[in-house]
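This briefing is for a reader meeting the structure for the first time.

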Amino acid sequence: ALYTQALQSFNNKQYREALSMWTEFTKNFSKSPLVPNTYFWIGECNYQVNDFANAVLSYQEVIDKYPKSNKYPDALFKRGAAFVKLNNKQAAKISFQELITKFPNSPLAQRAKAMMPK
């Protein structure tokens, strides 16, 4: 219920509210199969409020701990996008390149190529 509530808050653009609910979710339900998704959504909340450094950290959590998660490719992409926002071109390139290498035929790989810093 908490996860669903957080998602509703996010969809209603109540990012800080959603962020606190998802943070609580990761603490209280650390064994839940939804935890990788939760870290991704925490990253999305941070991204939406222009806290790109914390967004990177949340996406990194998914990348490091949940490589089998369905949010893994999204986390790679959004980590790259957050690095672009932070004007860290080198880190963005590395993130996008990892996505393109691991998921070459995904729509996200195409987007990563388009966003790749020069």
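Helix 5 passes helix 6 in a left-handed crossing, and helix 6 likewise passes helix 7 in a left-handed crossing. The model is predicted. Among its other features are 13 aromatic pairs.

**Helix 5 and helix 6**

- Helix 5 covers residues 72–85 and helix 6 covers residues 89–102; their axes come within 7 Å and cross at roughly 155°.
- Because angles over 145 degrees count as roughly antiparallel, helix 5 is roughly antiparallel to helix 6.
- On the side of helix 5, the contact is made by Tyr72, Pro73, Leu76, Phe77, Arg79, Gly80, Ala81, Phe83 and Val84.
- On the side of helix 6, Ala91, Ala92, Ser95, Phe96, Glu98, Leu99 and Lys102 take part.
- Sorted by class, the contact of helix 5 with helix 6 has 11 nonpolar, two polar and three charged residues.

**Helix 6 and helix 7**

- Helix 7 spans residues 107–115 and packs with helix 6 at an angle of about 145°, with the axes 9 Å apart.
- Helix 6 brings Phe96, Leu99 and Ile100 to this contact, while helix 7 brings Leu108, Ala109, Ala112, Lys113 and Met115.
- By class, the contact of helix 6 with helix 7 has seven nonpolar residues, no polar ones and one charged residue.
- Phe96 and Leu99 of helix 6 are listed in the contact with helix 5 and also in the contact with helix 7.

**Aromatic rings**

- The structure holds 13 aromatic pairs.
- In one of them, the ring centres of Trp22 and Trp41 are 5.7 Å apart and the planes lie at 15°, so the pair is stacked.
- Trp22 belongs to helix 2 (residues 15–28) and Trp41 to helix 3 (residues 35–48), so this pair ties together parts that are 19 residues apart in sequence.
- Both Trp22 and Trp41 are buried.
- Trp41 also pairs with Phe40: the ring centres are 5.6 Å apart and the planes lie at 80°, so the pair is edge-to-face.
- Phe40 has a relative accessible area of 5% and is therefore buried; for Trp41, also buried, the value is 16%.
- Ring pairs link Trp22, Phe40 and Trp41 into a cluster that also includes Tyr3, Phe10, Tyr15, Phe25, Phe29 and Tyr59.

Technical notes:
Residues are numbered from 1 along each chain as its sequence is written. This is a predicted model: local features need pLDDT of at least 70, side-chain atom pairs count only at pLDDT 80 or more; totals for chains, interfaces and linings use all residues. Side-chain values use heavy atoms; hydrogens and water are left out. Axes are lines fitted to C-alpha atoms, for helices over the stretch in contact, and angles run from 0 to 180 degrees between N-to-C directions. Helices (H or I, at least four residues) and strands (E, at least two) are DSSP runs, numbered from the N terminus. Angles under 35 degrees count as roughly parallel, over 145 as roughly antiparallel, 65 to 115 as roughly perpendicular and the rest as oblique. A crossing is left-handed if the near helix is turned anticlockwise from the far one by less than a right angle, and right-handed if clockwise. Contact means heavy atoms within 4.5 Å. Ala, Val, Leu, Ile, Met, Phe, Trp, Tyr, Cys and Pro count as nonpolar, Asp, Glu, Lys and Arg as charged, and the others, Gly among them, as polar. Rings of Phe, Tyr and Trp (its six-membered ring) pair if their centres lie within 6.5 Å; planes under 30 degrees apart count as stacked, over 60 as edge-to-face and the rest as tilted. Buried means under 20% relative accessible area, exposed over 50%, partly exposed in between (1.4 Å probe, protein chains only).
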